[in-house]
Amino acid sequence: MAHSLSAKKRARQNLKRRARNRARKAGIREQVKTFQAALAAGDLEKARAELNVAVRRLDRVAAKGTIHKNTAARKRSRLTRRLNAALAAKAAGGNPQTAGA
């Protein structure tokens with residue numbers, strides 16, 4: 001346990017930051033799941049809207065320093081590729097659920 005005042009303050013700050021970071025990461029996971037559910041249901045317009053929300057949330061969390069900006073970019077790229085694969089499969093007359101799996 002911390003003894004000095006500054007170490008105690010640092011411990012309090014770390015608890016708050018950890019809670020904040022965990023909430024931000026949980027928000028990202030929740031948004032990605034919503035996007036994936038829309039994609040799996042074949043609702044590509046809803047998936048596109050959910051992707052936009054997910055991308056905004058990823059960028060905001062990366063800007064705050066909770067996740068690295070390259071991690072956000074990688075996740076954004078992978079999600080976008082999945083949506084584009086589903087759109088391409090639909091355009092080709094295939095099954096959008098199996099695209100990009």
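Guide: Let's start with a term: a residue counts as buried when its relative accessible area is under 20%. Keep in mind that this is a predicted model.

Visitor: Okay, so is E50 buried or exposed?

Guide: E50 counts as buried, because its relative accessibility is 16%. Q31 is another case: with a relative accessible area of 10%, Q31 is buried too.

Visitor: Where does Q31 sit, and which residues does Q31 touch beyond its sequence neighbours?

Guide: Q31 belongs to helix α1, which covers residues 5-40. Leaving aside neighbours within four places in sequence, Q31 is in contact with E50, V53, A54 and R57. So E50, buried at 16%, turns up in that contact list.

Visitor: Let's talk charges. How should I read a salt bridge, and how many salt bridges does the structure hold?

Guide: The general idea is that side chains of opposite charge can pair when their charged atoms come close. Here, the structure holds three salt bridges.

Visitor: Which residue does E50 pair with?

Guide: The side chain of E50 meets that of K46 in a salt bridge, at 3.7 Å from N to O. Both are in helix α2, and because they are four residues apart, about one helical turn separates them. K46 is partly exposed, with a relative accessible area of 38%, while E50 counts as buried.

Visitor: And what does E45 pair with?

Guide: E45 forms a salt bridge with R48, with the closest N and O atoms 3.8 Å apart. These two also lie in helix α2 (residues 44-64), three residues apart, which is about one turn of the helix. E45 is exposed, at a relative accessible area of 55%, and R48 counts as partly exposed at 35%.

Visitor: Which residue meets D59 in a salt bridge?

Guide: That's R76: the side chains of D59 and R76 meet at 2.3 Å, N to O. D59 is in helix α2 and R76 is in helix α3 (residues 69-91), so this pair ties together parts that are 17 residues apart in sequence.

Visitor: Now the helices themselves. At what angle do α2 and α3 pack?

Guide: The angle is about 170°, and the axes are 9 Å apart. That makes α2 roughly antiparallel to α3, because angles over 145 degrees count that way.

Visitor: Which residues meet across that pair of helices, and what kinds are they?

Guide: On the α2 side, the residues include L44, L51, V55 and L58, and on the α3 side they include A72, L79, L83 and L87. D59 and R76, the salt-bridge partners, are in this contact as well. By type, the contact residues of α2 with α3 divide into twelve nonpolar, one polar and six charged.

Visitor: How do I check the length of α3?

Guide: Take 1.5 Å a residue: the 23 residues of α3 should span 33 Å, and the end C-alpha atoms are 32 Å apart, which agrees.

Visitor: Which residues of α3 are buried, and what covers them?

Guide: The buried ones are T71, A72, L79, L83, A86 and A89. Their cover includes α1 and α2.

Methods:
Residues are numbered from 1 along each chain as its sequence is written. This is a predicted model: local features need pLDDT of at least 70, side-chain atom pairs count only at pLDDT 80 or more; totals for chains, interfaces and linings use all residues. Side-chain values use heavy atoms; hydrogens and water are left out. Buried means under 20% relative accessible area, exposed over 50%, partly exposed in between (1.4 Å probe, protein chains only). Contact means heavy atoms within 4.5 Å. A salt bridge is a side-chain nitrogen of Lys or Arg within 4 Å of a carboxyl oxygen of Asp or Glu. Axes are lines fitted to C-alpha atoms, for helices over the stretch in contact, and angles run from 0 to 180 degrees between N-to-C directions. Angles under 35 degrees count as roughly parallel, over 145 as roughly antiparallel, 65 to 115 as roughly perpendicular and the rest as oblique. Ala, Val, Leu, Ile, Met, Phe, Trp, Tyr, Cys and Pro count as nonpolar, Asp, Glu, Lys and Arg as charged, and the others, Gly among them, as polar. The expected span of a helix is 1.5 Å times one less than its number of residues.
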